[in-house]
Structure formats: structure tokens, C-alpha cells
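Hi,

Here is the structure I promised to pass on. Could you look it over alongside my notes below?

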Amino acid sequence: MKGCKKLQPFFCHIIIKIVFCCMKIEAQSVEEYIHALESDRQDVYKKLYNTVASNLPKGFTACMQYGFPSFVVSLDDYPAGYHCTPNTPLPFVSVGAQKNFLALYHMGIYANPDLMDWFVTEYPKHAKSKLDMGKSCIRFKRITDIPFDLIADLMKRMTVKEWIHIYELNFKK
């Protein structure tokens, strides 16, 4: 991953952590990914994925990226690509299934402190369980307590244009 140390090591570290520390599901499509999940998790995963997909502003592209169903800014819309691997689309949101939890990886929440503060403040109003969150990873260990309405609202809060602007301010030096 050439250039990671110079440009923004922590952001690159997040992607590396997602790729190498996670339960690996070999899938070429969202459907294959869901089919590979344990049957008792498939419906909840589909609901989380569909909540993300149906609430993102226009312009994000669905794909498989880093082994997860993801939403990215395509190279057609952002030819510079992701700074750690410039020939790949700019990551924005991924929905993953780990051994003990479902995860939402939201790069915008990591890059935008106001969005992070809003989410942290709102979470207890929508879920019974305590927020379990890393820099960009929101972990749902109790899959019966996923705040789908809050996730829907989170997805609506950043457009492609806003994400590119924030990404360039924070990570493209």
C-alpha cells in the first residue's frame, strides 16, 4: 500500500484492519455474501444492508470492496480514487458480518467530527444497548437492537460531493 505512510496512515490503517482482521466470506456479490451467512443472521443483515442502500443519496455505487458489500464513489465520479490504492473507488460505507456482530463501516463518520457527535448523541435515543463503536466501525452485537431508523438518518446526512470534499480536506495532502 504505497503512499499510506505519507498521506494519512490512520485512514489506511482502518481499511487494512477491515480487510485483515475480519471474518472472511468469499463472495463476488451481495447475494453470495448474504447466502454465506448463518441462516439466523441473513434477514437482519439484509435489513441493515437495504436500510443503507435505500437511504444513501444518489451517486454512491454498490459493489463488493475489501470483501464486504460496500457503497463507494466510483472512479468515473472521482478518478483520483482512494489514496492508498488509487486505482480503486473511494470507500464510503461497508456492511459486514463478523463472528460476533454485524458491522457498519462508515468512513464519513470517522472523517466528520460533527457527524460523529450527532450519531453518538442520538444513538441512546434509538437503541437499548450501549453504543459499541471504533473510529469508523459501528458494531451491533445484539442484532435484535439495531436502530434501523437512526442508520437510515445517518445515511442521508452526507452526499457524494460532501464526502469527496471532506475526504480531500482530511486525507489528500
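**Salt bridges and what surrounds them**

Asp132 and Arg139 join their side chains in a salt bridge, 2.9 Å from N to O; by salt bridge I mean a side-chain nitrogen of Lys or Arg within 4 Å of a carboxyl oxygen of Asp or Glu. Before going on, please note that this is a predicted model, in which local features need pLDDT of at least 70 and side-chain atom pairs count only at pLDDT 80 or more, while totals for chains, interfaces and linings use all residues. Residues are numbered from 1 along each chain as its sequence is written, and side-chain values use heavy atoms, with hydrogens and water left out.

Asp132 also meets Lys141 in a salt bridge, with 3.2 Å from N to O. Arg139 is partly exposed at 22% relative accessible area, whereas Lys141 is exposed at 53% (buried means under 20% relative accessible area, exposed over 50%, and partly exposed in between, with a 1.4 Å probe and protein chains only).

By this rule the count is four salt bridges. Another one of them joins the side chains of Lys125 and Glu122, at 3.0 Å from N to O. These two residues sit three apart in helix α6 (residues 113-126), so about one helical turn separates Lys125 from Glu122. Lys125 is exposed, at 59% relative accessibility, but Glu122 is buried, at 18% relative accessible area. For helices (H or I, at least four residues) and strands (E, at least two) I use DSSP runs, numbered from the N terminus.

**The sheet and the helix across it**

An open sheet is formed by six strands in the order β1-β2-β3-β4-β6-β5, with antiparallel pairing; two strands pair if DSSP finds at least two bridges between them. At its edges are β1 (61-65) and β5 (132-133), each of which pairs on one side only. Within the sheet, β2 (residues 68-73) and β3 (residues 90-97) run antiparallel and are joined by four bridges. Phe71 stands opposite Val93 in β3.

Helix α7 lies across β3, β4 (102-106) and β6 (137-140), and runs at about 20° to β4. Axes here are lines fitted to C-alpha atoms, for helices over the stretch in contact, and angles run from 0 to 180 degrees between N-to-C directions.

**The core**

Which residues touch the most other members of the largest nonpolar core? Of its 54 residues, they are Tyr45, Val52, Leu104, Phe119, Leu154 and Trp163. A nonpolar core is a set of buried Ala, Val, Leu, Ile, Met, Phe, Trp, Tyr and Cys residues joined through side-chain atoms within 4.5 Å. Beyond its neighbours within four places in sequence, Phe119 is in contact (heavy atoms within 4.5 Å) with Ile109, Leu131, Met133, Ile138, Leu150, Ile151 and Leu154.

**Confidence**

The chain has a mean pLDDT of 86, and 84% of its residues reach 70 or more; pLDDT is the predictor's confidence in each residue, from 0 to 100. Confidence is highest in helix α7 (residues 148-156), with a mean of 98, and lowest in helix α1 (residues 4-7), with a mean of 37. Residues 1-10 have pLDDT below 50, and this stretch has 15 contacts in the model beyond near neighbours in sequence. Over residues 12-21 pLDDT also stays under 50, and the model has 19 contacts for them beyond four places in sequence.

Best wishes
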